[in-house]
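Have the model open while you read.

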Amino acid sequence: MNCVYKFFLIISLFCGVFTQVGAGDPFEGVSKILVVGNSLSRHAPLPAEKWNGNWGMAATTEDKDYLHVLKKELDRLYPEKPHTIKIFRPGNEADMTLGTEIVKEKADLVIVQVGENFRGQCTPGDLGAKYKIMLQTLKKRVSPNIICVGTWALGAEKNPCGEVEEAAAHQLNIPYVPIFDLAKVGNSGFHDPNLAHTGDPVKWHPSDKGMKAIADKIIALSPRLSKEKMKALRPKSTAPSENASISVDCNRITGKVNRKVMGQFIEGADGQYIWANDTPNMEIRNNGDGAWLSGKECPDPQVVKLMAALKPGVIRYPGGSEVKNWNWKKVVGPMSNRDEGWHWGLVEFIRFCREVGSEPQICLSEYVGGPEDQRDMVEFLNSPATPDHPWAMKRAEWGHKEPFKVKYFELGNEPYDGNRRVKPRKQWDALGYANWAKTTAQLMKSVDPSIKIGLPNGGFGKENDDKINRIVGPYVDFVIYHSYSVGYAGNRTLSPSEVDCIMRACMAAAPQSMAILNKCQQDFTRLTGRDLEIAITEYNTEMQSETPVPFRKSMGAGLFCSDFIFNMMQPKNKVLLANYWQIVNGYWGSIITKDNYKLLPPYYCFKIIAENLGDNLLEPKVVCPKIDFEGFYHVRPAKGNAHTQSKTLPQNYYNSKYVFLPPEGMKYPGLTVKRVKDEIHFIMDKYTQSNYPGFATINIDSLPEKIRPESGMAYEVSFEACLKKSDGSASLNLGIGVMDARGWDKAGSAIGIEGVDKPQWEKFSGIYPPLKDTKQIILLGRLLAGNDPVTGVMRVRNITFKPVIQETFPAYEALSVLTSRTANKVYVAIINKYTDRQVRTKIALENFVPSSATISRLVTPNAFSATDVFLSSDERAAISGNSVDVVLDPHSITAITFEK
């Protein structure tokens with residue numbers, strides 16, 4: 001055979017992590033291995049291309065090709081027998097023919113790795129049929145124990161072999177190991193300096209790095225390796241184990257499983273002028289930050305497969321705050337007509353959703369276009385292509401005759417926040433936004449009454465939020481909230497006890513967040529008379545620290561998200577849908593395509609839940625210990641059995657001596673901060689920047705010990721303020737901030753009290769929960785301007801600083817449990833919230849007699865791990881009657897599947 005650098009290419013929709021069909025260990029008892037392969041397995045010297053080896057091209061030495069790396073690992077894991085490898089090349093990869101010498105062989109295991117030399121000599125369907133016949137022949141004549149390895153398709157747009165080979169292997173119950181996701185330039189000879197002298201046909205092959213990656217994927221089929229990894233990563237308990245029990249009446253169904261609460265988010269709007277960048281983000285516009293392959297104009301098949309494994313009921317798009325600068329009419333139609341790229345547009349997003357198996361959820365821009373533009377979007381998406389629907393006619397003209405039938409829409413994203421630095425600067429006040437939202441909802445429903453529209457809630461201040469709800473509430477179908485918990489953003493050296501406190505905050509946060517959302521939903525019902533479901537269209541931990549690790553991507557963060565899902569799944573909480581922020585790349589992503597599709601702990605948390613969830617919810621009875629928590633930042637203390645409200649103490653500990661402004665004040669471009677008698681004046685003259693000028697420092701370490709932060713105390717800061725602007729001045733966000741004096745970068749601890757926008761004096765207040773080791777607090781102005789100039793004065797007076805006994809929630813249960821079933825299976829998913837100890841748990845089923853029970857475990861060595869994570873799913877549990885006993889590791893998720 002010739003080298004494998006001439007081939008016909010298509011993308012396999014089945015590329016991804018290995019898929020094992022059937023059970024058992026394909027390496028158990030194996031000694032003699034027969035390989036049906038091509039140049040990836042062995043290639044004789046090829047002087048014309050400077051290849052002098054006689055092993056897998058382009059490994060630098062024989063012991064570094066994938067077969068020899070595999071043999072070394074098999075020798076280590078299975079020392080009972082020596083392992084030998086014999087390699088055969090098929091007669092013709094287009095015909096998948098086997099030589100007579102191959103079928104005369106007998107082997108304990110056959111590894112098949114062919115397909116790169118297929119050049120379209122027959123149809124992919126014919127190729128698949130011939131591949132299946134070849135496997136059947138090998139199974140019958142050589143060995144029933146076969147592993148199929150996919151094709152190496154460096155730079156491939158498409159590869160017919162991947163799809164047809166995997167389909168044939170699955171039909172014959174043969175494990176299939178796709179390597180399409182490994183075929184990156186970084187894994188090829190093009191990136192190996194030791195191969196710089198060789199020809200491109202050699203460099204096209206896997207380098208030493210690529211060869212090892214292939215071997216690692218094959219050996220991953222070994223249960224022994226799984227147990228070895230599990231043993232290495234299972235956390236070590238540092239405290240005595242606890243005992244618990246879970247009983248499940250399998251006839252007591254409480255509702256349907258709602259997979260829409262397992263929704264995800266994919267970026268689709270550019271943050272230009274929203275964040276710091278003034279230039280377009282082409283990675284978002286062209287590639288959806290990794291979801292789309294621009295130029296090839298299709299979803300990234302690996303991302304599709306990874307997303308589909310999470311079974312998200314909905315996927316949100318395109319933002320986020322970025323939606324404030326997003327015009328849907330510029331991201332549809334022929335690519336040549338779109339502004340500055342935008343290969344990842346509205347239709348492409350819907351195609352991505354369809355391939356994942358999710359419903360699209362669209363967030364509207366409240367600052368681009370008007371209500372009529374949003375009406376046009378619904379027509380484009382959902383109306384029949386008839387002359388009375390011109391935007392639907394355009395959709396048909398552009399290749400999509402049938403309506404997309406999109407159901408879920410949001411009336412903007414955090415509309416109180418303005419459009420940041422976009423020109424022209426826009427900032428809705430409460431009444432302006434309410435009128436926009438009401439008109440928009442009416443126009444959209446006039447096009448398609450079946451759509452569901454959500455109203456963002458909060459941010460304008462209690463009085464204004466109530467006004468919006470009264471005006472818009474009658475015209476929407478659900479209410480939207482965003483929920484970010486824990487919130488640590490510091491980057492400083494933390495002690496082990498501080499790290500553990502942050503991780504325990506992740507364990508305590510979910511029930512508190514759900515209680516707050518329940519109150520919001522009840523307040524909306526009392527105000528409007530409408531008992532609507534809620535949507536949490538953004539949630540996460542909001543831990544923005546990078547030291548010692550990115551906590552937002554840790555196992556602790558993943559466990560918070562999982563616990564939150566368990567809570568949201570319960571019908572009593574009336575959650576319509578929810579979206580994790582965010583899943584692919586970006587600052588928060590847990591699928592990192594730019595690092596060979598690296599998967600972080602939150603991804604695996606979603607995956608183990610998705611794989612262990614039935615159709616109907618059951619209600620478990622859980623008896624387990626409860627855990628006290630001292631509180632951390634925005635996560636309140638948890639202790640005892642009662643919920644207590646916060647209480648502000650009467651003593652004011654603020655006085656004028658804390659103001660440190662110099663007599664001449666402080667100056668910034670377009671801004672002067674001065675003390676005028678008992679007031680602080682923020683004087684703006686054609687002001688266009690954003691500044692946070694500090695004007696007072698409060699030494700809280702000098703306060704009485706019983707009201708210092710280490711005692712669990714928070715602080716209420718209140719003040720009166722007014723704003724007088726010149727005519728024609730732009731809008732901006734104004735207020736006062738409260739921050740740890742060590743600064744945001746180090747402590748990551750602050751709150752903003754905003755909303756100053758009226759010429760008459762108004763009172764404002766906020767509660768600041770400091771870190772336990774906070775010694776000083778700074779009061780600072782918050783003046784967030786845009787590109788358009790502002791001239792005017794914000795005046796602040798009557799500042800008070802009072803200690804607050806924090807709100808306290810009940811101690812949280814050590815185990816969080818989600819139970820569900822299908823006709824023949826019962827699923828029990830359990831989070832152990834202890835960070836330091838195991839919980840020995842008995843699970844008993846009523847009205848269901850299981851014949852088998854399989855345990856899946858998701859573990860990391862510690863709760864703050866953001867890298868080492870292992871998911872196993874092959875452990876068998878011993879059934880005693882209708883129950884099993886399971887040991888739950890600290891900070892872990894364990895799922896038990898019972899089957900009749």
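## Salt bridges, a helix and a sheet

Arg504 is buried, with a relative accessible area of 17% (buried means under 20% relative accessible area, exposed over 50%, partly exposed in between, using a 1.4 Å probe and protein chains only). Before going on: this is a predicted model, where local features need pLDDT of at least 70, side-chain atom pairs count only at pLDDT 80 or more, and totals for chains, interfaces and linings use all residues. Residues are numbered from 1 along each chain as its sequence is written, and side-chain values use heavy atoms, with hydrogens and water left out.

Back to Arg504: its side chain meets that of Asp500 in a salt bridge (a side-chain nitrogen of Lys or Arg within 4 Å of a carboxyl oxygen of Asp or Glu). Both residues sit in helix H15, 4 residues apart, or about one turn of the helix. An α-helix has 3.6 residues a turn, so residues three or four places apart point the same way. The whole structure has 49 salt bridges; here are three of them.

| Pair | N to O distance | Relative accessibility |
|---|---|---|
| Asp500–Arg504 | 2.9 Å | Asp500 28%, Arg504 17% |
| Glu498–Arg492 | 3.7 Å | Glu498 24%, Arg492 15% |
| Asp289–Lys594 | 3.5 Å | Asp289 6%, Lys594 57% |

In the Asp289–Lys594 pair, Asp289 is in the loop between helix H8 and strand E8 while Lys594 is in the loop between strands E17 and E18, so the pair ties together parts 305 residues apart in sequence. Asp289 counts as buried, whereas Lys594 counts as exposed.

Now for H15 itself. Helices (H or I, at least four residues) and strands (E, at least two) are DSSP runs, numbered from the N terminus. H15 covers residues 496–528, and its end C-alpha atoms are 48 Å apart, which agrees with the span its 33 residues should have (1.5 Å times one less than the number of residues). There's a bend of about 40 degrees at Ala509, with Pro511 following within four residues; the bend is the angle between axes fitted to the seven residues ending there and the seven starting there. Just after H15, Gly529 has a positive phi of about 80 degrees.

Last stop, the sheet. It's open and mixed, with 10 strands in the order E38-E37-E41-E35-E34-E19-E6-E36-E40-E39 (strands pair if DSSP finds at least two bridges between them). E38 and E39 are the edge strands, each pairing on one side only. E34 and E35 run antiparallel, joined by 7 bridges, and Ser816 has Ile831 in E35 as its bridge partner.
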